[in-house]
Amino acid sequence: MMRGYIQAKKTRLKFYKNIPLYYQARGIKLMLYKPSGKTIEEIRIEKGLLPDKLYIKQEDKIRGIQEVQKVFNNQLKEDVRSKNPEKIKETLVNIVQETLAEPRSGSLEGVSETINILVREYTKESDVIKNLLSVSDKDYSTVMHSINVMALVLNYAFHINCSLAEKKVLGLSALLHDVGKTKIDTKLLAAPRRLTDEEFKEIKRHTTLGYNILNKCNFGNKEISLSALQHHEKMDGSGYPNGTTRISEVAQVIGFVDCYEALTNDDRPYRNAMDPLRCLNLIKQDVESGKFSRNVFEKFAYSLL
Ligand SMILES: [Fe+2]
Ligand SMILES: [Fe+2]
């Protein structure tokens with residue numbers, strides 16, 4: 001690969017308008033393939049009438065992600081209006097995948113608009129977002145988990161009827177709570193067995209890693225990075241990374257829903273997903289022992305009705 005250039009993903013080619021694309025001529029130099037302001041004709045892409053590899057300049061990378069996010073966010077608006085939960089989930093997966101591929105300031109803020117769209121549309125069409133939860137996922141990944149936690153948390157936020165600003169913070173905190181996992185070896189995250197102490201210690205780092213990543217972003221709200229840091233803390237001090245008992249309210253909600261989602265979905269090959277009622281009964285033990293807030297537990301249980 002040429003220094004200063006990165007290969008553009010085939011599936012994203014049609015979205016680049018303001019980003020110039022380059023091709024490799026005669027094995028040496030990179031030449032302009034398409035200037036800024038023009039998109040590649042879709043028919044050309046479909047028929048493969050273009051160079052095998054196209055490149056974007058390294059310095060255009062974040063702008064490229066922003067451009068793709070914008071197209072997907074517009075797609076999301078259409079999907080919500082068409083009331084098709086499968087399609088909505090597919091677009092959300094695309095947005096989150098694109099964003100988590102390069103999780104840093106400049107790209108992460110792009111999902112703010114995603115949350116804005118969902119919150120706005122939920123007000124009009126609450127069923128559509130609720131139905132997101134019944135779309136089954138073929139491959140369970142951090143992306144799927146993040147989207148599911150976000151959908152459950154938004155549903156909770158509408159149930160408790162907090163302010164619009166609080167709904168957005170809750171949704172965004174949920175969607176990005178595990179962003180630190182992008183820095184952890186995927187083999188470890190998907191290990192089809194119980195982890196060793198050493199491996200578990202490594203995975204626990206996703207909290208502080210996520211905090212550091214989100215702290216550099218311009219969300220205008222500290223709760224989002226704080227939730228990444230504290231979502232595995234428990235109110236009795238038995239959590240991680242710091243074993244603190246002073247957990248932000250948003251992080252308490254994210255942590256609770258995170259646990260619920262992981263149990264009700266098949267996130268580990270060695271165990272099976274649990275049905276909601278059994279799961280709530282199990283988590284209730286953690287409420288009794290003071291790990292989770294009773295208030296959050298009760299409101300969340302009602303939000304599922
Ligand atoms: Fe986590
Ligand atoms: Fe999580």
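His206 counts as buried, with a relative accessibility of 1%; buried means under 20% relative accessible area, exposed over 50% and partly exposed in between, with a 1.4 Å probe and protein chains only. This is a predicted model, in which local features need pLDDT of at least 70 and side-chain atom pairs count only at pLDDT 80 or more, while totals for chains, interfaces and linings use all residues. Residues are numbered from 1 along each chain as its sequence is written, chains are lettered from A and ligands numbered from 1 in the order in which they are written, and side-chain values use heavy atoms, without hydrogens and water.

Donors are N, O and S atoms within 2.8 Å of the metal (3.2 Å for Na, K and Ca); water is not among the atoms, so sites may look incomplete.

| Site | Protein donors | Donor distance |
|---|---|---|
| iron ion (ligand 2) | His145 (NE2), His177 (NE2), Asp178 (OD), Asp258 (OD) | 2.1 to 2.2 Å |

The two iron ions are 3.4 Å apart, and Asp178 coordinates both. Four donors count as tetrahedral if all angles lie between 85 and 135 degrees; four count as square planar and six as octahedral if opposite donors are over 155 degrees apart and all others between 65 and 115; anything else is irregular. His206 in helix H10 and His231 in the loop between H11 and helix H12 (249–264) link parts of the chain 25 residues apart. Helices are DSSP runs of H or I with at least four residues, numbered from the N terminus. His231 is buried as well, at 2% relative accessible area.

Around ligand 2, the 4 donor atoms subtend angles of 78 to 170 degrees, so this arrangement is irregular. His145 lies in helix H6 (residues 142–160) and Asp178 in the loop between helix H7 (164–176) and helix H8 (186–189), so the pair ties together parts 33 residues apart in sequence. Relative accessible area is 6% for His145, which is buried, and 1% for Asp178, also buried.

The axes of helix H10 (residues 206–215) and helix H11 (residues 223–230) come within 7 Å and cross at roughly 170 degrees. That makes H10 roughly antiparallel to H11, a term for angles over 145 degrees. Axes are lines fitted to C-alpha atoms, for helices over the stretch in contact, and angles run from 0 to 180 degrees between N-to-C directions.

Notes:
Helix = DSSP H or I, 4+ residues; strand = E, 2+ residues; numbered from the N terminus. Parallel < 35°, antiparallel > 145°, perpendicular 65-115°, else oblique.
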